[in-house]
Amino acid sequence: MRISCVGAGPAGLYFAIVMKRRNPNHEIVVHERNPAGTTHGWGVVFWDDLLATLRTNDPDSAQAIADQAVPWSGQVVDVEGQPPLHYVDGGYGICRRRLLQILIERALALGVDVRFESEISALSQVADADLVVAADGVASRLRRHRADQFRPQIEAGRNKYIWLATTQPFPSFTFGFVPTRAGWIWFHAYSFKECVSTFIVECAPETWDGLGLGTMRADAALKALESIFAKHLDGHGLMSRDGHGNTLPWLSFRTLVNRTWHADNVVLIGDAAHTTHFTIGSGTRLAIDDAVALASALSEHDSLPRALDAFGRRRQRALARVQRDARLSAEWFENLPRYIRYNAPTFFTLLLARRSRLLKRMPARTYLYLRRKYTKLTGSAASPLARIGGPAHRFGSKARRGLSGAESGTPCP
């Protein structure tokens, strides 16, 4: 089969690796519009479940990723004015650039043709391919050519956020909440290489406006954020992907869903097919799962249309709950004042329960009362309340579990 993958992110590269391992005779070309070494991320987080998937499908790249990963132990919630609370859990961080280098090197070793500065903006450029895999991100150009068939829907979130980095180590995945004159502002931080951590800042748009973060020059905004989070940074600075002149690249998260994931011989994977809010930290894992599922479907069916139909149905079913959880998690942070007024232990419980549909629909105190009642009656914390949205998949599978995927990155060697 002649396959063109558009986009050299984790989804496109890993799909090429898995397909080549299953059949070396496939002719696979990966097109990447950016120069080699370019990335749009700092670090990514993952858990043992992703390592297990990687080891099953390609032990060589799995071992290289495990060797480069930085383990972190536990998660911390630190609300200013209250004692920090710790949650026992563990995961890994890795530099996004290094992750991509590992996958690129492995793809090349298997005979995949990886082409940088190869921009594919029209399907006519890959007309000779039997299969076109659109792995070109949330703003996928290829998806636009079949928009009437894919029927994408994009919804922007309310909060503002930005991916930054710092040389301050965070050995635990840390949530830090700080009050300001314009409202609460908080960060999600984790180490992903020696002496470098991802540092994601999030706040309500009113706080963002009130602090002037959208109009300050980048260097001034970084200094303002360093001052706000001085206690947590302990003298270390913040870094942005942008230079010091323009405003910082603040974002509003875009949740993407598509009615269908394939049109003719074009199939969507990764962020081109779906996005899930970074507070559940599942971006990289879901991209890898897409890649494996597509390769499996192609191996299981002798007809391309049947294979793509099976892949789309399988992945859309698998993502239904994850996407629901992601929306609930995003909404929880968008309604932070509703929860942060409680003491630290109660706030922590509510943070862990942020995927709950019931919590969204009733007063927090009522939710906690029902939860305590059930625990007292059964002796188990695994109540129906928890299944409807209790502790976020081991603290939100990545705080699903705490964070993701977001994979915004620092230059790493």
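Visitor: Hi! Are α13 and α15 roughly parallel or roughly perpendicular to each other?
Guide: Roughly perpendicular to each other, in this predicted model. Helix α13 (residues 344-352) and helix α15 (residues 364-378) pack at an angle of about 85°, and angles from 65 to 115 degrees count as roughly perpendicular. Their axes are 11 Å apart.

Visitor: Which residues make the contact?
Guide: On the α13 side they are Thr346, Thr349 and Leu350, while α15 brings Ala364, Tyr367, Leu368 and Arg371. By class, the contact has four nonpolar residues, two polar ones and one charged one.

Visitor: New topic, the sheet. What order do its six strands have?
Guide: The order is β6-β2-β1-β7-β16-β15, in an open sheet with mixed pairing.

Visitor: Why is one side of β6 and of β15 left without a neighbour in the sheet?
Guide: Because β6 (113-116) and β15 (262-263) stand at the edges, and each has a single partner strand. For β15, the pairing with β16 (residues 266-268) is antiparallel and has two bridges. You can look for alanine 263, which sits opposite valine 266 of β16.

Visitor: Which helix packs on the sheet?
Guide: Helix α1 (residues 10-22) does, and it touches β1 (2-6), β2 (27-32) and β7 (131-134). The direction of α1 makes about 170° with that of β2.

Visitor: What lines the largest cavity?
Guide: Its lining is Val44, Val45, Phe46, Leu50, Leu54, Ile65, Leu99, Leu103, Thr284 and Ile288. Nine of these are nonpolar, one is polar and none is charged.

Visitor: And which element gives the most to that lining?
Guide: That's β3, with three residues. The elements that give two or more are β3 (43-46), α2 (48-57), α4 (96-109) and α10 (283-300).

Visitor: How much space lies in the second largest pocket?
Guide: About 250 Å³. It is lined by 18 residues, and those closest to its centre are Gly157, Thr255, Arg327, Ala330 and Glu334.

Visitor: Where does the largest share of that lining come from?
Guide: From α11, which supplies six residues. Both β8 (152-156) and α11 (304-334) supply at least two.

Visitor: How many residues of each class are in it?
Guide: The lining of the second largest pocket has five nonpolar, seven polar and six charged residues.

Terms used:
Residues numbered from 1 in each chain as written. Predicted model: local features only at pLDDT ≥ 70, side-chain atom pairs only at ≥ 80, totals over all residues. Heavy atoms only, no water. Pairing = 2+ DSSP bridges. Helix = DSSP H or I, 4+ residues; strand = E, 2+ residues; numbered from the N terminus. Contact = heavy atoms within 4.5 Å. Axes fitted to C-alpha atoms, helices over the stretch in contact; angles between N-to-C directions. Parallel < 35°, antiparallel > 145°, perpendicular 65-115°, else oblique. Nonpolar A, V, L, I, M, F, W, Y, C, P; charged D, E, K, R; others polar. 1 Å grid on protein atoms, 1.4 Å probe; cavity = no way out; pocket = protein on both sides within 12 Å on 5 of 7 lines; lining within 4 Å. Points joined across faces, edges and corners; volume = space filled by probe spheres on them.
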